[in-house]
Amino acid sequence: MHRVRVRVVEDALDANNTIARANRADFDRAGVTVVNLMSAPGAGKTTLLERALADGLPGGVRAGVLEGDVQGSLDADRLAALHVPVVQLNTGGGFGGECHLDANMIRTALPALPLEQLDLLIVENVGNLVCPAEFRIGEDARIMVSSVAEGDDKPLKYPLMFRACELVVVNKVDLLDHVDFDLDRFLYHLDAVHPGVAHLCTSARSGDGVEALRDWLAALPARRAERAQRAAEAAV
């Protein structure tokens with residue numbers, strides 16, 4: 001039974017990766033950079049996006065959002081008020097209420113996305129600290145948001161989530177005086193599971209650190225173009 005279960009899991013991930021590569025090919029053809037934004041529920045992803053996208057991204061980078069939730073459109077409605085392209089993707093209907101977005105779900109949403117009008121697509125994944133890290137969706141980069149209200153032990157308890165990302169955002173730092181959270185200890189644990197990973201400290205409520213996040217996001221399309229150019233030159 002154990003052997004059969006492992007095989008099923010491997011097959012599911014293999015199938016997901018195949019579709020993720022197809023998604024990535026479509027994104028590449030459209031010239032769109034894709035970010036997978038992950039966190040536990042309530043870490044502040046949507047509020048951070050509201051702050052980061054409210055006045056547009058630096059350099060005129062055109063951003064859109066694919067909003068993932070089990071049910072409802074509350075977060076998508078908040079972001080749509082900023083007049084950025086937003087598409088809602090619920091897993092609770094035809095997908096069975098999964099706690100993550102996978103490559104096939106993203107593929108079903110592609111026809112609704114105005115990719116030709118975007119430089120950057122931010123996929124706000126379903127809040128979960130386990131499954132989103134296991135399923136690639138065709139993204140260029142992953143961001144993990146962890147709030148100080150969750151505790152400073154999270155990198156040790158959910159190492160895959162923190163290893164799978166290119167940027168870790170420590171959010172809600174305005175609460176540091178009110179919660180039992182040691183920032184130095186969190187960063188020590190983070191370095192233990194993902195040495196050298198970039199990190200930012202932010203407060204979606206006050207706006208502290210949001211400018212650095214905006215700059216990081218806005219730089220992604222240029223970084224992607226540089227990588228594509230190097231790959232093309234190496235192939236010659």
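Mentor: This is a predicted model. Start with Arg 185 and Asp 152, whose side chains meet in a salt bridge with 3.0 Å from N to O.

Trainee: What makes the contact of Arg 185 and Asp 152 a salt bridge?

Mentor: The cut-off is 4 Å between a side-chain nitrogen of Lys or Arg and a carboxyl oxygen of Asp or Glu. Here the N to O distance is 3.0 Å. The pair therefore meets the definition.

Trainee: Where in the chain do the two partners, Arg 185 and Asp 152, sit?

Mentor: Arg 185 is in helix α7, and Asp 152 is in the loop between β5 and α5. They are 33 residues apart, so the pair links distant parts of the chain.

Trainee: Why are Asp 28 and Arg 24 separated by about one helical turn?

Mentor: Because they are 4 residues apart in helix α1. Asp 28, at 38%, counts as partly exposed. Arg 24, at 28%, counts as partly exposed too.

Trainee: How do you know that Glu 139 and Arg 136 form a salt bridge?

Mentor: Their N to O distance is 3.8 Å. The limit is 4 Å, so the pair passes. Glu 139 is buried, because its relative accessibility is 5%. Arg 136 is partly exposed at 34%.

Trainee: Now Glu 124. What is the nearest side chain of opposite charge, and how far away is it?

Mentor: Lys 45, at 4.0 Å. Glu 124 is buried yet has no salt bridge. Glu 124 lies in strand β4. Leaving aside neighbours within four places in sequence, its contacts include Lys 45, Thr 46, Asp 75 and Leu 101.

Trainee: Which residues are closest to the centre of the largest pocket?

Mentor: The pocket has a volume of about 220 Å³. Of the 17 residues that line it, Gly 42, Lys 45, Thr 46, Asp 75 and Glu 124 are the closest to its centre. The elements α2, β2 and α3 each give two or more residues to the lining.

Trainee: How many cavities of 30 Å³ or more does the structure hold?

Mentor: The structure holds 1. The largest cavity has a volume of about 60 Å³. A cavity is a space where a 1.4 Å probe fits but cannot get out. Its lining includes Val 35, Ile 143, Val 169, Leu 213 and Leu 217. β1, α2, β5 and α8 each supply at least two residues of that lining.

Trainee: Which residues have the most contacts inside the largest nonpolar core?

Mentor: Leu 57, Leu 120, Ile 143, Leu 213 and Leu 217. The core has 27 residues. Helix α8 gives the most to this core, with 6 residues. Beyond its neighbours within four places in sequence, Leu 213 is in contact with Leu 48, Ile 143, Leu 167, Val 169 and Leu 200.

Trainee: Why does Pro 221 count as buried?

Mentor: Its relative accessibility is 17%. Buried means under 20%, so Pro 221 qualifies. Pro 221 lies in helix α8. Not counting residues up to four places away in sequence, Pro 221 touches Thr 33, Val 61, Asp 119 and Leu 120.

Trainee: What makes the phi of His 83 worth a remark?

Mentor: Most residues other than glycine have a negative phi. His 83 is not a glycine, yet its phi is positive, about 65°. His 83 lies in the loop between α3 and β3. At 75% relative accessibility, His 83 counts as exposed, because the cut-off is over 50%.

Trainee: Where is Lys 172 found?

Mentor: In the loop between β6 and α7. Lys 172 has a positive phi of about 65° although it is not a glycine. At 24%, Lys 172 counts as partly exposed.

Methods
Residues are numbered from 1 along each chain as its sequence is written. This is a predicted model: local features need pLDDT of at least 70, side-chain atom pairs count only at pLDDT 80 or more; totals for chains, interfaces and linings use all residues. Side-chain values use heavy atoms; hydrogens and water are left out. A nonpolar core is a set of buried Ala, Val, Leu, Ile, Met, Phe, Trp, Tyr and Cys residues joined through side-chain atoms within 4.5 Å. Buried means under 20% relative accessible area, exposed over 50%, partly exposed in between (1.4 Å probe, protein chains only). Contact means heavy atoms within 4.5 Å. Lys and Arg count as positive and Asp and Glu as negative; His and the chain ends are not counted. On a 1 Å grid over the protein atoms alone, a cavity is a set of points where a 1.4 Å probe fits but cannot get out, and a pocket is an open set with protein on both sides within 12 Å along at least five of seven lines; lining residues have an atom within 4 Å of a point. Grid points are joined across faces, edges and corners, and a volume is the space filled by probe spheres set on the points.
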